[in-house]
Amino acid sequence: MEQYIVSARKYRPATFDMVVGQRALTTTLLNAIRTGKLAHAYLFCGPRGVGKTTCARIFAKTINCLHLGENGEPCGECESCRAFDEGRSMNIHELDAASNNSVDDIRELIDQVRIPPQIGRYKVFIIDEVHMLSQQAFNAFLKTLEEPPKYVIFILATTEKHKILPTILSRCQVYDFARITTKSTVDHLKYVAEKEGYTVEEEALNLIAQKADGGMRDALSIFDQMVSFTQGNVTYQAALENLNILDAEYYFRLVDMLLEKKVEEALLLFNEVTEKGFDGGNFIGGLASHMRNLLVSRDAKTLPLLEVSEMQCQRFHEQAMRCKPQFLYRAIKLCNDCDLGYRQSRNKRLQVELCLIQTAQATDEDGEGAGRRPAKILKPLFRQLALQGRVRTAAQPAPAAPAAAAQNVPIIRTKTKPATKAPLQAIDLNSTSIRMPSASPRPQDAPVPSDCQSATPSASPQTVVSLTRDTLIQTWQRYANTLPQTEAVTAQRIRSITPELLSDHRFAITVQNPLIQKSMEKMRGDICNFFRTSLGTSQVDMEVRVAKAEVVARMYSKPELFQQMINSSRALKKLHELLILEIE
């Protein structure tokens, strides 16, 4: 019986032209070989299974070939190429840094560096998973990596570039390998299936490529698994069953239900999915991906982002045309929030069902169902009137409507008070003087009624209105409400501060630290202008203070208290020395 070789090894590229999905890198390496401009150290970075070690081996084989072809590829017939193909080449050394990461392993490698190549021109050292080397091993390797012999080339490979020391990165030419696209993976799987004589469906190969997530080695391993399961007849349904992937048909049906607001049927469909053994987290993650695919399939410019077959691409486009962009935006947001909170949720099933209910309501254009709160109508705390206006009481007759409209002067009526108290007389806004009723005069220091305060118009620059505590606090809170949504943190900070009235036209605020003080000082001019405009005065000033740090009383132990008593009393100190007292 012939020995079986897995596809990942059997169809491993032997030349740069056979490498899948890394055309820019292979072209750069080939040009460097043709021109003889070779660096002494290379660093290959990228995800797993994208060809880092494979390209390192091809590079080592090519630079040692004795008869390079016109295209720069190795001939495959010289002694060096045959030795490489048969695995007996002494010019190529591979080191797995995951299991050989000590200083002693690096010292052995340095000893091998001193031996020149017997056949060929270069001795190549490939160090895989180089990020696993210890700190001491990296330090021992630095000098040799920086100034190796002329016949030595180092090729370092890693999946975690961020763990490599900057001193190592600066000594290497860095090549970043990209994830292999779904289309490139499918094309290579078709090539392998054709070579092996297998019958495959393109939809099944698309599932395998998506499951591999950009890794060719993973895709070939999954492909071998599917071939064993189907005896060489790889179908879409078999791939769904074997790979434990939820059929996209469920998501198409679910979106149709959500668009028609059929919440009951959507919940029953989710129950059917869970009964098949699929986890709710995977279900909601697949729904988020489906909504994302619908969004990108609406526009021809973003259509290349859809990594599915042409048949599914057409179906995505048809369903996307029935979905409004607002619905897709809201649905993706809801699915993402559900995915984030799924693991922390105690009732995971309810978490998913609530997401489906909210998504069904997201089809509404208005209201909270569309993800937007209803518009809030904020009633102003104060009304800004024109400079020439009058506040009239309910007892006084109001001017005719046409006359008021012509002068554009708003009329504000105060509520009628009990008969025991005389009503307020008219307030002359031009002179800002208030005529009090003669029957019950108000003391001069009594506050002005809130109705009159709210009707105070903007005064001329020469007008000076005295601040009161109530007016100060109300205007301060109103300023916080005028800040935009982008400054919500600043608005909340302002609401938490209670201003302190210092004089008739000056107030102070107290903040916690100098950093907040500096921030409030920058806003001081805007706040003062807002007060002047709102209260109709020309003299308003604000002072920013920093709160004093509170002194926390320290808890002393009994020996410490006794020591303080000794220090404060000579008699007790002398008694302590005579009796040799000790406190336990």
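Trainee: What should I know about the model before we use any of its values?

Mentor: This is a predicted model, in which local features need pLDDT of at least 70 and side-chain atom pairs count only at pLDDT 80 or more, while totals for chains, interfaces and linings use all residues. Residues are numbered from 1 along each chain as its sequence is written, and side-chain values use heavy atoms, with hydrogens and water left out.

Trainee: How many helices and strands are there in the protein chain, and what makes a stretch count as a helix or a strand?

Mentor: The protein chain has 24 helices and 14 strands. Each is a DSSP run, numbered from the N terminus, with helices being H or I over at least four residues and strands being E over at least two.

Trainee: Why is Thr144 called buried?

Mentor: Buried means under 20% relative accessible area, exposed means over 50%, and partly exposed lies in between, with a 1.4 Å probe and protein chains only. Thr144 has 14% relative accessibility, so it counts as buried. The place of this residue is in helix 6, residues 135-146, and, leaving aside residues up to four places away in sequence, Thr144 touches Ile110, Val113 and Phe154, where contact means heavy atoms within 4.5 Å. The C-alpha atoms of Thr144 and Val113 are separated by 8.7 Å, although the two are 31 residues apart along the chain. In the protein chain, buried residues make up 39% of the 584 residues.

Trainee: What makes Glu129 partly exposed, and what is said of its phi?

Mentor: Glu129 has 21% relative accessibility, and therefore counts as partly exposed. Its phi is positive, at about 50 degrees, although Glu129 is not a glycine. Most residues other than glycine have a negative phi. Glu129 is found in the loop between strand 3 (123-128) and helix 6.

Trainee: Is Gln231 buried or exposed, and where is it found?

Mentor: At 72% relative accessibility, Gln231 counts as exposed. It is found in the loop between helix 10 and strand 7, and just after helix 10 it takes a positive phi of about 60 degrees.

Trainee: Why is the pair of Phe44 and Tyr175 called edge-to-face?

Mentor: Rings of Phe, Tyr and Trp (its six-membered ring) pair if their centres lie within 6.5 Å, and planes under 30 degrees apart count as stacked, over 60 as edge-to-face and the rest as tilted. The structure holds 15 aromatic pairs. In one of them, Phe44 and Tyr175 have ring centres 5.7 Å apart and planes at 85 degrees, so the pair is edge-to-face. Phe44 lies in strand 1 (residues 41-45) and Tyr175 in strand 5 (residues 173-176), so this pair ties together parts that are 131 residues apart in sequence. Both Phe44 and Tyr175 are buried.

Trainee: What makes the pair of Tyr42 and Phe44 tilted?

Mentor: The ring centres of Tyr42 and Phe44 are 6.5 Å apart and their planes stand at 55 degrees, so the pair is tilted. Tyr42, Phe44, Phe59, Tyr175 and Phe177 form one aromatic cluster.

Trainee: How do you know that strand 12 and strand 13 pair?

Mentor: Two strands pair if DSSP finds at least two bridges between them. Strand 12 is joined to strand 13 (residues 506-511) by 2 bridges, and the two run antiparallel; Glu500 stands opposite Ala508 in strand 13, and Leu501 stands opposite Phe507. Strand 13 and strand 14 are joined by 6 bridges and run parallel.

Trainee: Why do strand 12 and strand 14 stand at the edges?

Mentor: The open sheet of 3 strands has the order 12-13-14, with mixed pairing. Strand 12 (500-501) and strand 14 (541-546) each have a single partner strand, so one side of each is left without a neighbour in the sheet.
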